[in-house]
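Subject: Structure handover

Hello,

Here is the structure I promised. Please open it alongside this note; my findings follow below.

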Amino acid sequence: YSRGELLHISTDSLTTAGTIILLTGAGGAFKQLLIDTGAGETIANAVKAGGMSPLVFAFLLALIVRVLQGSATVAMITGAGLVAPVLDPEMSPIQLALIVIAIASGATALSHVNDSGFWLVNRYLGLTEKQTLQSWTLLTTVVGGCGLLFCLVVWWFV
């Protein structure tokens, strides 16, 4: 490889890795901001007072962050940080695992134009934005919904 080719290859690689690192860092910072400002505790207290299932809360919170921000990674990191204060220390390992799956399911659903996965599917399959929304977004929503349904069924038996 020539010097120019190596520079091009390494720049492309670092651009992709940099984006992932930036998104992950932003998700962690957003989560910590919510916790440090007391918003996380306020949300947790409201959920406890309202009697909402921690499983449903975990899913909905991750889904809301996903829709607002677009990144599944950020939605999972933020969701985990905000759901943690709601969890009962007496929960079984299976219940904790189901909450993790619920967060991942909420963060998976409703992929849209702010999501890099949306654009990967769009470009590789040669779809229009409308076609990608009609197929990929629908698919991610079905996958997320099935994940929540699975969690609810298993939770009922545990």
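W119 is partly exposed, because its relative accessible area of 27% falls between the 20% and 50% cut-offs. Its partner is F118. The two rings form an edge-to-face pair, 5.1 Å centre to centre, with 80 degrees between the planes. F118 itself is buried, with a relative accessible area of 0%. Please bear in mind that this is a predicted model.

How many aromatic pairs does the structure hold? The count is two. Besides F118 and W119, there is W156 with F157. The ring centres of W156 and F157 are 4.9 Å apart and their planes lie at 70 degrees, so this pair is edge-to-face too. W156 is exposed, at 68% relative accessible area. F157 is also exposed, at 64%.

Now the overall picture. The protein chain has seven helices and zero strands. Along the sequence the pattern reads α-α-α-α-α-α-α. The C-alpha atoms fill a box of roughly 60 × 35 × 25 Å along the principal axes. The chain has 158 residues, and 32% of them count as buried. Take the contacts with a separation of 6 or more: 72% of these join residues 24 or more positions apart. The chain exposes about 9,400 Å², and carbon and sulfur atoms supply 71% of that area.

Next, helix 7. This helix covers residues 129-157. Which residues of helix 7 are buried? They are T132, T137, T140, G144, G147, L148, C151 and W155. These buried residues pack against helix 3 (54-69), helix 5 (93-108) and helix 6 (116-125).

Helix 5 has 16 residues. From first C-alpha to last it reaches 23 Å, close to the 22 Å expected at 1.5 Å a residue. Its buried residues are Q95, L98, I99, A102, I103, S105, G106 and A107. Their cover includes helix 3, helix 4 (72-83) and helix 7.

What follows helix 5? The residue is L110, with a positive phi near 60 degrees. L110 has this positive phi although it is not a glycine. L110 sits in the loop between helix 5 and helix 6. Is L110 buried, exposed or partly exposed? At 33% relative accessibility, L110 counts as partly exposed.

Last, the surface. M52, L60, I64 and L68 make a nonpolar patch of about 380 Å². M52 lies in the loop between helix 2 (39-50) and helix 3. M52 counts as partly exposed, at 37% relative accessibility.

- The aromatic pair of F118 and W119, edge-to-face.
- The aromatic pair of W156 and F157, also edge-to-face.
- The buried residues of helix 7, among them G144 and G147.
- L110, in the loop between helix 5 and helix 6.
- The nonpolar patch that includes M52.

Best wishes

Definitions and conventions: Residues numbered from 1 in each chain as written. Predicted model: local features only at pLDDT ≥ 70, side-chain atom pairs only at ≥ 80, totals over all residues. Heavy atoms only, no water. Helix = DSSP H or I, 4+ residues; strand = E, 2+ residues; numbered from the N terminus. Expected span 1.5 Å × (residues − 1). Buried < 20%, exposed > 50% of the residue type's maximum accessible area, 1.4 Å probe, protein only. Contact = heavy atoms within 4.5 Å. Patch = residues over 30% accessible without salt bridge, like charges linked within 9 Å, V, L, I, M, F, W, Y side chains within 5 Å. Areas by Shrake-Rupley, 256 points an atom, 1.4 Å probe, with all protein chains shown as cover. Salt bridge = Lys/Arg side-chain N within 4 Å of Asp/Glu carboxyl O. Phe/Tyr/Trp six-rings, centres within 6.5 Å; stacked < 30°, edge-to-face > 60°.
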